[in-house]
Amino acid sequence: MNQKTTGKVVSIISNLVLVHVEGPVFQNEICYIFLNDEKLMAEVIKVIGEIAYVQVFESTRGLKPNSKVEFEGHMLEVKLGPGLLSKNFDGLQNDLDKMEGVFLKRGGYTHALEENKKWSFTPLAKAGDRVTAGDWLGNVKENWLDHKIMVPFKMEGVFTIEKIVGAGDYTILDTIAELKDDNGTLHPVTMMQYWPVKLAIKAYKDKPRPFRQLETGVRVIDSMNPILEGGTGFIPGPFGTGKTVLQHALAKYADADIIIMAACGERANEVVEIFSEFPMLDDPRTGRKLYERTTIIANTSNMPVAAREASVYTAMTIGEYYRAMGLKVFLLADSTSRWAQALREMSNRLEELPGQDAFPMDLSAIISGFYARAGIVYLNNGKTGSVTFIGTVSPAGGNLKEPVTESTKKAARCFYALSQNRADSKRYPAIDTLDSYSKYLEYPEFIEFAKEKLDENWVNIVNEARNVLVRGKETQEQINILGDDSVPIDYHIILWKSELVDFIILQQDAFDKVDASTSMERQKYMLEKMVKITRASFNFESFEEVAPYFKRLINTYKQMNYTVYQSDDFKKFEQEAAAMLEERMIK
Amino acid sequence: MSAFQKVYTKISQITKATCSLKATGIGFDELAYIHGRLAQVVKIWGDEITLQVFSGTEGIPTNAEVTFLGKAPTLKVSDELCGRFFNAFGQPIDGGPEVDGEEREIGGPSVNPVQRKQPSELIATGIAGIDLNNTLVSGQKIPFFADPDQPYNQVMANVALKAQADRIILGGMGLTNDDYLYFKNLFENAGILDHIISFVNTTEAPPVERLLVPDMALTAAEYFAVDKNEKVLVLLTDMTLYADALSIVSNRMDQIPSKDSMPGSLYSDLAKIYEKAVQFPNGGSITIIAVTTLSGGDITHAIPDNTGYITEGQLFLRKDTEIGKVIVDPFRSLSRLKQLVIGKKTRADHPQVMNAAIRLYADAANARTKLENGFDLTDYDRRVLDFAKDYSNDLLAIDVDLKVDQMLDRTWELFRKYFNKSEVAIKQEFTDKYWKQ
Ligand SMILES: Nc1ncnc2c1ncn2[C@@H]1O[C@H](COP(=O)(O)OP(=O)(O)O)[C@@H](O)[C@H]1O
Ligand SMILES: [Mg+2]
């Protein structure tokens with residue numbers, strides 16, 4: 001085995017440490033700094049001559065010059081194998097549940113997986129098969145999901161399966177297969193493999209453009225600005241406008257096989273909310289518990305800053321791993337701004353030339369590089385797998401003209417802008433539909449998909465609803481300038497039609513059992529219903545009749561939103577509303 | 001001091017906030033005495049050590065004596081802390097004796113998130129702007145956002161006295177002497193002085209010293225919450241002055257400032273403090289109520305902005321000129337943990353009543369704009385304006401003192417007085433029950 005490179009600490013500025021190295025090191029190599037009986041993990045971020053600049057993933061309090069450093073010969077890696085689901089990891093993939101004590105102990109690293117647990121393995125390949133990285137060798141049941149054991153992603157080239165074990169119980173360290181390369185060398189394979197988090201896993205055949213919808217249950221997304229499987233989106237918004245509540249709703253109700261949530265530099269209590277609520281929640285599609293298909297990466301704001309950056313990469317890598325099994329992965333990160341801020345802190349310490357708002361110059365490239373890892377892929381066996389990614393952005397001062405928002409806008413295809421005004425008036429989710437967009441609405445692939453799955457005219461209906469909102473907004477401005485009674489009655493009707501769409505389609509109560517999530521079937525039913533109403537003409541004597549009438553109508557449809565789809569109550573309110581329409585609608 | 005301690009006497013560089021010298025065997029974050037003043041290691045560059053001098057470097061000569069203490073800042077914790085007043089270094093300022101106890105480093109490690117419990121205990125304050133619209137929960141962290149002319153310290157003290165905490169810990173930063181005495185008298189008069197511990201940096205003390213106050217207060221808080229299973233309430237006022245001290249230090253250390261000349265690490269610095277708020281599994285908890293003063297109500301300034309991204313909401317104080325009282329503004333205020341208790345620990349109609357009232361209050365704001373622009377008001381506009389006035393006076397004003405059920409009943413009364421059911425738009429099961437003829 002190669003001798004590890006060692007070094008000695010020479011300088012310390014907070015979590016930036018300069019190490020004099022005695023031997024070769026490489027960029028992003030992981031090292032450990034010895035401090036009394038603790039080992040502090042760090043990553044090389046710059047090298048000048050014999051000095052390696054490392055960012056330490058821990059507090060450096062008490063660290064002294066001349067402390068010993070050992071370099072590990074690999075980049076920051078995660079362990080991939082059965083047992084990742086239902087886990088709570090920190091940003092470096094330490095299993096938080098395995099740590100002792102109430103407080104996090106510096107240098108307290110724990111194993112991400114269980115070395116002794118036996119998994120019931122069923123082979124999917126046989127001796128003699130020719131395989132490449134990512135090919136499925138076998139299957140184990142992880143909770144209720146089929147977890148594929150694959151040819152390790154690091155193995156380059158084509159191999160022949162020399163030997164593969166039969167069905168039986170094995171640990172992640174047992175050899176389950178031996179692969180022979182073209183030189184005749186044998187490579188043992190276990191159920192666990194390592195992968196460096198900063199590199200994308202590319203063990204797939206092809207990465208097409210996203211083409212089918214990922215249902216989230218959130219109407220303003222699914223109906224108005226849909227996200228596709230393997231698509232990307234981001235949610236910028238000032239604090240308190242609903243980024244986290246929205247992400248939690250997506251995690252609970254989206255039609256995905258695997259949910260990975262990266263709590264990146266945000267509140268610990270929000271993670272606790274997931275820990276305590278998800279184990280109780282039923283997965284509507286499988287009847288199992290949500291937690292069984294969820295992995296949480298928690299690097300909350302009080303945890304070491306350098307590990308924040310790592311946390312999103314760790315999450316993405318785990319996502320790509322499950323994608324390679326042909327699963328639909330939904331990755332959520334809250335908030336990517338905190339990760340950018342961590343980059344900024346380090347860049348400032350390195351005294352790099354600062355870009356806008358003191359962020360590093362290459363921020364944009366880093367962000368788009370990350371978003372590019374999402375996507376739907378065709379695996380070598382022709383099956384699809386996907387990682388859909390939605391991140392939140394926390395713009396300073398709520399101003400969207402800031403580097404993180406602008407860089408993300410270039411990278412993500414869906415933009416869900418949260419509006420302070422809507423949040424202030426409790427119009428939740430506070431997504432401003434008109435400021436937001438989904439580029440996928442223009443994708444011919446999606447238009448085709450919607451034609452087949454939803455309605456011949458789906459995208460037109462969506463655009464019509466959008467138009468109602470645009471006209472409502474313009475009319476509101478007119479009324480504000482001219483006054484209620486100086487505009488034609490029609491103006492009031494236009495305004496209230498848009499309010500109808502706003503209240504019944506856009507607004508959704510995340511805390512109501514029924515309203516929290518809406519099936520696509522129900523969304524279609526309601527959207528078509530609302531659009532039909534907005535097409536109709538109404539009869540009013542004076543403008544003062546308009547608002548009270550529409551408020552009654554809205555109230556009734558809102559009650560309908562609270563009832564189970566097509567239940568008796570649902571139909572009751574529907575009829576009530578129909579009777580109201582009779583009163584005023586011109587045939 | 002140990003007999004072996006090495007004394008250095010050759011300072012190589014002095015700036016407004018820092019001194020540098022050559023020394024070996026020194027740890028990062030370690031404390032030192034320089035010319036009799038407390039200082040902390042902020043940079044180790046080879047054998048050159050840079051010290052941040054808390055009280056400033058005025059008058060420090062190049063041959064000043066420097067001794068290193070071999071440890072980060074600490075606080076001695078024990079029950080003897082109770083009823084006492086300390087400065088930012090944890091030294092008594094009330095004329096009493098030094099405190100004996102276990103010496104703990106301040107600014108210690110974070111709680112493992114999986115070891116936290118979800119907060120679930122409502123803290124009743126009697127103020128409807130809080131209990132009804134922005135309910136507080138123990139283990140929460142929340143600041144008052146207020147302009148300097150608002151009575152924020154009084155409101156905060158009032159909340160603290162009603163909160164029924166086992167222990168109240170005051171961290172005063174840049175507190176005027178008058179405010180310091182106000183808190184002291186208030187706690188004495190309430191007869192609860194022995195439940196209270198104070199760490200105070202007054203405006204008379206050097207600003208950089210403030211940087212130690214929150215960590216001192218929270219180290220004491222962790223002692224009572226973890227070792228004694230107590231419900232601890234920590235009051236931090238004024239966090240804007242704390243952040244100002246951060247920017248003084250970073251500017252003097254030539255760091256590249258980000259927005260509003262605040263250090264780029266402001267978010268992390270503040271989060272480390274606020275995230276100490278926690279519900280422990282053993283029943284102990286730390287709740288943080290803070291004050292962040294604003295300048296001209298501007299919440300986009302880096303200090304309130306970063307705070308809002310960290311804390312679990314904010315309570316926005318504003319003078320309602322119409323009723324001439326200070327209110328908790330329902331628009332800009334938020335308690336993010338209220339969901340955990342409203343409708344669960346309180347009556348089931350609470351969430352809907354709260355939202356409906358605020359929506360109507362928003363309609364009133366629109367009607368007022370119309371009025372100001374000289375337009376005619378509709379009948380609804382007039383009703384909603386009358387509602388807003390009553391609502392502001394009877395519920396939002398900070399002098400309100402009611403039980404939560406009474407707040408809800410009063411709101412229903414106002415709904416019924418001014419509106420019909422569809423205008424209020426609340427789930428039918430609740431109107432059936434509470435819309436009394
Ligand atoms: N869809 C929603 N329905 C009801 N209330 C909401 C909704 N979204 C947000 N809120 C309210 O707004 C608060 C802040 O939301 P949150 O998602 O934490 O904001 P952010 O992450 O943008 O700071 C929540 O605590 C809740 O009271
Ligand atoms: Mg959030």
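Contact in this tour means heavy atoms within 4.5 Å. The structure is a predicted model, in which local features need pLDDT of at least 70 and side-chain atom pairs count only at pLDDT 80 or more, while totals for chains, interfaces and linings use all residues; side-chain values use heavy atoms, with hydrogens and water left out. Residues are numbered from 1 along each chain as its sequence is written, and chains are lettered from A and ligands numbered from 1 in the order in which they are written.

**Stop 1: two helices of chain A**

Select residues 489–506 and 520–535 of chain A, which are helices H11 and H12. Helices (H or I, at least four residues) and strands (E, at least two) are DSSP runs, numbered from the N terminus. H11(A) and H12(A) pack at an angle of about 170°, and their axes are 10 Å apart. Axes are lines fitted to C-alpha atoms, for helices over the stretch in contact, and angles run from 0 to 180 degrees between N-to-C directions.

Next, display the side chains where the helices meet. H11(A) contributes A:Lys497, A:Leu500, A:Val501, A:Ile504 and A:Ile505. From H12(A) come A:Met526, A:Leu527, A:Met530, A:Ile533, A:Thr534 and A:Arg535. By class, this contact has 8 nonpolar, 1 polar and 2 charged residues. Here Ala, Val, Leu, Ile, Met, Phe, Trp, Tyr, Cys and Pro count as nonpolar, Asp, Glu, Lys and Arg as charged, and the others, Gly among them, as polar.

**Stop 2: the sheet S12-S11-S9-S14**

Move to the open sheet of chain A whose 4 strands follow the order S12-S11-S9-S14 with antiparallel pairing. Two strands pair if DSSP finds at least two bridges between them. Neighbouring strands are turned by 40° against each other on average, direction ignored.

Then follow the pairings across the sheet:

- S11 (residues 136–142) of chain A pairs with S12(A) over 6 bridges; A:Trp136 has A:Met150 as its bridge partner.
- S9(A) and S11(A) are joined by 3 bridges, and A:Pro123 stands opposite A:Gly138 in S11(A).
- S9 (residues 119–123) of chain A is joined to S14(A) by 3 bridges, with A:Tyr170 as the bridge partner of A:Trp119.

**Stop 3: the sheet S10-S13-S15-S16**

Another open sheet of chain A has 4 strands in the order S10-S13-S15-S16, again with antiparallel pairing. The edge strands are S10 (130–131) and S16 (186–189) of chain A. Between them, select residues 159–164 (S13) and 177–180 (S15) of chain A, which are joined by 4 bridges. A:Lys163 has A:Glu178 in S15(A) as its bridge partner.

**Stop 4: ligand 1**

Centre the view on ligand 1, which lies between chains A and B. It is surrounded by 16 residues, the closest being A:Gly240, A:Lys243, A:Thr244, A:Val245 and B:Arg336; a residue is counted if one of its heavy atoms lies within 4 Å.

Which residue has a polar side-chain atom 2.6 Å from an oxygen atom of ligand 1? That residue is B:Arg336. On the chain A side, a backbone N or O atom of A:Gly242 lies 3.0 Å from a ligand oxygen, and a polar backbone atom of A:Lys243 is 2.8 Å from an oxygen atom of the ligand.

**Stop 5: backbone details**

Select A:Pro429, in the loop between helix H8 (420–424) and strand S25 (437–438) of chain A. The peptide bond from A:Tyr428 to A:Pro429 is cis, with omega near -10°.

In chain B, select B:Asp238, in the loop between strand S16 (231–237) and helix H5 (239–252). The peptide bond from B:Thr237 to B:Asp238 is cis, with omega near 10°.

Finish at A:Asn66, in the loop between strand S5 (51–56) and strand S6 (68–75) of chain A. Its phi is near 80°, a positive value in a residue other than glycine.

Technical notes: A polar contact is a pair of N or O atoms within 3.5 Å; within protein, one must be able to donate a hydrogen and the other to accept it, and residues adjacent in sequence count only if both atoms are side-chain atoms.
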